[in-house]
Each structure stands twice: as structure tokens, then as C-alpha cells.
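Please examine the sequence and the model shown below.

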Amino acid sequence: MLSSKASSNCHGQDSLYFLGWQVYEKNPFHEVENPTGIIQMGLAENQLSFDLVESWIRENPDVMGLKNKDGESVFRDLALFQDYHGMPAFKNELVEYMAKIRGNKVKFDPNNLVLAAGATSANETLIFCLVDPGDAILLPTPSYAGFDRDLKWRTGVEIVPIHCSSSNGFRISMFALEEAYERTQKLNLKVKGVLITNPSNPLGTTMTKDELQSLITFAIDKDIHLISDEVFSGTVFDSPCFISIMEAAMDSNLKRNTDVLSRIHIVYSLSKDLGLPGFRVGMIYSNNQTVVSAATKMSSFGLVSSQTQYLLSYMLANKKFTSNYMKRNQKRLKKRKEMLVSGLKKSGINCLKSNAGLFCWVDMRHLLCSNTFEAETDLWKKILCEVGLNISPGSSFHCSQPGWFRVCFANMNQSTLQVALRRIKDFVERSSFNYQQNMGSLSRKLISNWVRKLSSADREEQER
């Protein structure tokens, strides 16, 4: 017998998002060994600039060998002790890197930073610190498919969606925000905060300063917290530039409220920007010392290994490397995103305009047989099992409108993406041909019925 927590069905693993992965893993595409296999386009992983990281590793063998600048081994020091506050050298370099990504418009204090084993751990830890079981957080939708697991499964917190619509590009409107808050009140739930992803996952868009400041004002008025998940901040490859919630909070009018910064918290990781998800490096940043203290204690359940911190402290300290990486990574992401968008457009498929992320939010509403989530699921199954592409349906991101899909482009090489685009083009053409055939058959049937009725009417007229 399992505990009620372990057997709870709110983990989200039965979501189509995760089911698609399971199907893919049974038949993964390989250019040579399995060219008809399923191509993974549901994984937001950045492999486009991994060669730059590998190059730095080759040029710094002593760091990989756990040696210091004098060539002496530090293995014993790293293996025998780990301070759950984190290594000062690593935290210092991490906050500098975060500031660099944000154009050095904001500075971060390493004393306000709490390390965690990835953004999943960081988000959950922060929710544990801020929200009691049974209380609620507001979350704009479409939202990351893993948030049911990260925010709700073990914490017992309720997630209330802020429904955003394609009519305004899925931007967060104050009307939708207030509506979600009022709906939560009617459910007798206490709202403890709003969580946003900026840049957005799955939209690949960034928020404006006005939008961020409206959210801050809303949080102040309602006396709640504001969490900004900024794990994709280093993937912004086009205008407008990225604006952190911390930069938006520096506005003179907002700063008049003395506790504005104490209710704002950032989640960040190196999984997307540096393409190192396996290293499990995440963090919480907060100016609220009570939150920092509580999160530090809770971080014992998800620490970053000493050797990982040691290696990355040296990597991030190399400013020439980080500058070159950021510049080239953004160029590569932009080029690859444009390749996906133009390829889909040739198949008559459009994408939401985006400027960040490792994916596109793709509009396939015209391929649905009806405007329902059942039709979306049917289309997803066809694309997964017949076309051989694992893309993620909008329903798994709690999108309120059927027909939208998240399609990732940075976890594969260019030739694999070209194969994927050819497959989707062939599928659309087949679907269009079948539709025309069906419509032609239907038209002929209708005309035939009409002729029979007309002939019958003529006979009846003659018989009179």
C-alpha cells in the first residue's frame, strides 16, 4: 500500500505531454539506424550550442580533473563536505551571469540566492515556503505542462488558471487576472501569489515592462506574492529585449512601496541557457530574508553537487567564454526558429510571433475536424503515430482553445528538423487531398439527391 501522497493522481504523468514521450522512447528516430522512427519535438532542450561548452571543457582539463589553478587536486575537499548554503565562488559567478543576461540593468546579491537541484526543485521549494496546502496560486495559461507536478503534487496547493486567449496573442490582461482572482474567491480559496514564466513556456514570448508593472501593482493591491520563472531568459534572440521582474520593480513609483521587493521572487536555472539540464543547477532569488532563510533550510532535500558547483564556477568566471556563448547561442536559436517557422508556413501552418525559447507555439486549428479538444487529441495521435513526430498538444499546457501545439526545435540537428518538416508537409498535403476527395464525394451525393428529388417532383407534377 502506498501513501495517499505517493498514489495521488495530480502528478500529471498521464498528461498527453508525458504520454508522447513514452511512445517516442519505444521507437526513437535515428538518421541511420531507425530513419522511420519518431522524432522528439516535445523536449525543450538546447543542444544547438553544446559544442561551445565541450570546447571550453577540452581547453580546461584541470577543472574537469578537479584541480585548482596550481594543479593541485581538490577532490578530497569536494568529496568530504558540502555546505548547503552553496559555494561562495559559484554563487558570486552565478549572480554576475544573471546580471549579464539582463544587460546589467539589475544587480543581484549572492546572499539572496538559494541553490536547488534544477528549476523543478526551486519552484517546489518556493511554493512550500509561500503557500499552505489548500491555498491557491494564479497561473497564466497556456502554462508549462510540468507545473502540475512541480507546484501542486507534493505541496497540496491549488492552481487556478488565468485564461489567456489567442485574440490578443495570449497576453495576460488585467481583466483575465481579476477574473481569475474573483473566481478563486468564490471557491473559498485563499490566493497567496501569481506565478509567471518570462520568457513564456510554451509561447516563446517576453513580457513588456508595463505588463510586469501591472502584475506588481496587482500583487501589492491583493497583498500576495509574485514569482517569476525566468529559466529561458538567456534564450531571447530577437526584439523586444528581455526585461526581468526585478528590473520592472525598480520603477520609482513602485519603489515607494517599501515592501514591494519582499514579495517578488525569481526562479532560474542553467538547464536552458547553457544547455546543462543533467547538471541540475537551479536557484531561487529573493530580497525577502525570511524566504531566503526558509528556502535555504529546505534546499537540503535538493542540493547541487560540490563538483558541479566547482566546475561551473570556473566556466562562468571566464567572461570571454560567457560573452561568446551568449552571442552565438542567440544567433543559432534565431536561425533555427526561423527555419521551423518558414518550413511550417510552406505547409500552410502559422506560428505565434515569438522572440525567445526553444520552441514555437504552432496554430493547427485549421487541421482539426471540429473545434474540440477531442479533435485536438485525434490530430495529436495522428501526428505522433502516423507522421512520427512527438509534438505537445495545447491541452497539456491547459490552453483554453483547441488546436495549438508546442513544437521544439533546439534539441535536434538541422537535418533531423528537415526530415520533420518534410513529414508534416506530406501529412498536410494528404489531409488536404482526403478532405477534397471527401468534399467531392459529399458534393456528388448532395447533387444526386437533389436531382432525384427534382425528378420526383416533376413526376408528381405530371401525374396531377
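## Charged side chains

In this predicted model, the protein chain carries 54 positive and 48 negative side chains. The centres of these two sets lie 4 Å apart.

Lys222 lies over the face of Tyr181, at 4.5 Å from the ring centre. Arg102 lies over the face of Tyr268, and here the distance to the ring centre is 5.5 Å.

Arg102 belongs to the loop between α5 (88–101) and β2 (113–116). Is this residue buried or exposed? Its relative accessible area is 2%, and buried means under 20%, so Arg102 counts as buried.

When residues up to four places away in sequence are left out, Arg102 touches Phe108, Glu230, Ser233, Phe242, Ser244 and Tyr268. Arg102 and Met246 are 144 residues apart in sequence, yet their C-alpha atoms are 9.8 Å apart in space.

## Overall architecture

The protein chain contains 16 helices and 13 strands. Its C-alpha trace spans about 110 × 55 × 55 Å along the principal axes. The chain has 464 residues, of which 52% count as buried.

The accessible surface of the protein chain is about 22,300 Å². Carbon and sulfur atoms account for 52% of that surface. Among contacts with a separation of 6 or more, 75% are between residues 24 or more positions apart.

## Aromatic pairs

How many aromatic pairs does the structure hold? There are 16 aromatic pairs. One of them joins Tyr17 and Phe18: the ring centres are 4.9 Å apart and the planes stand at 85°, so the pair is edge-to-face. Tyr17 and Phe18 are both buried. Phe232 and Phe359 form another edge-to-face pair, with 5.3 Å from centre to centre and 80° between the planes.

The pair of Phe232 and Phe359 links distant parts of the chain, as the two residues are 127 residues apart. Phe232 is in the loop between β6 (225–229) and α10 (245–248), while Phe359 is in strand β10 (residues 359–363). Phe232 counts as buried at 3% relative accessibility, and Phe359 is buried with a relative accessible area of 0%.

One aromatic cluster is formed by Tyr17, Phe18, Trp21, Tyr144, Phe147, Phe170, Trp361, Phe397 and Trp404.

## Backbone geometry

Most residues other than glycine have a negative phi, and most peptide bonds are trans. Which peptide bonds are cis in this model? A cis bond joins Thr141 and Pro142, with omega about 5°. Another cis bond runs from Ser239 to Pro240, where omega is near 0°. Pro142 lies in the loop between β3 (136–141) and α7 (147–153), and Pro240 is found in the loop between β6 and α10.

Two residues other than glycine with a positive phi are also described here. Arg280 has a phi of about 55° and is in the loop between β7 (264–269) and β8 (282–286). His398 has a phi near 60°, and its place is in the loop between β12 (392–393) and β13 (404–408). Arg280 counts as partly exposed at 34% relative accessibility, and His398 also counts as partly exposed, at 37%.

Conventions
Residues numbered from 1 in each chain as written. Predicted model: local features only at pLDDT ≥ 70, side-chain atom pairs only at ≥ 80, totals over all residues. Heavy atoms only, no water. Helix = DSSP H or I, 4+ residues; strand = E, 2+ residues; numbered from the N terminus. Buried < 20%, exposed > 50% of the residue type's maximum accessible area, 1.4 Å probe, protein only. Contact = heavy atoms within 4.5 Å. Areas by Shrake-Rupley, 256 points an atom, 1.4 Å probe, with all protein chains shown as cover. Lys, Arg positive; Asp, Glu negative; His and termini not counted. Charge placed at Lys NZ, Arg CZ, Asp CG, Glu CD. Phe/Tyr/Trp six-rings, centres within 6.5 Å; stacked < 30°, edge-to-face > 60°. Lys NZ or Arg CZ within 6 Å of the ring centre and 35° of its normal.
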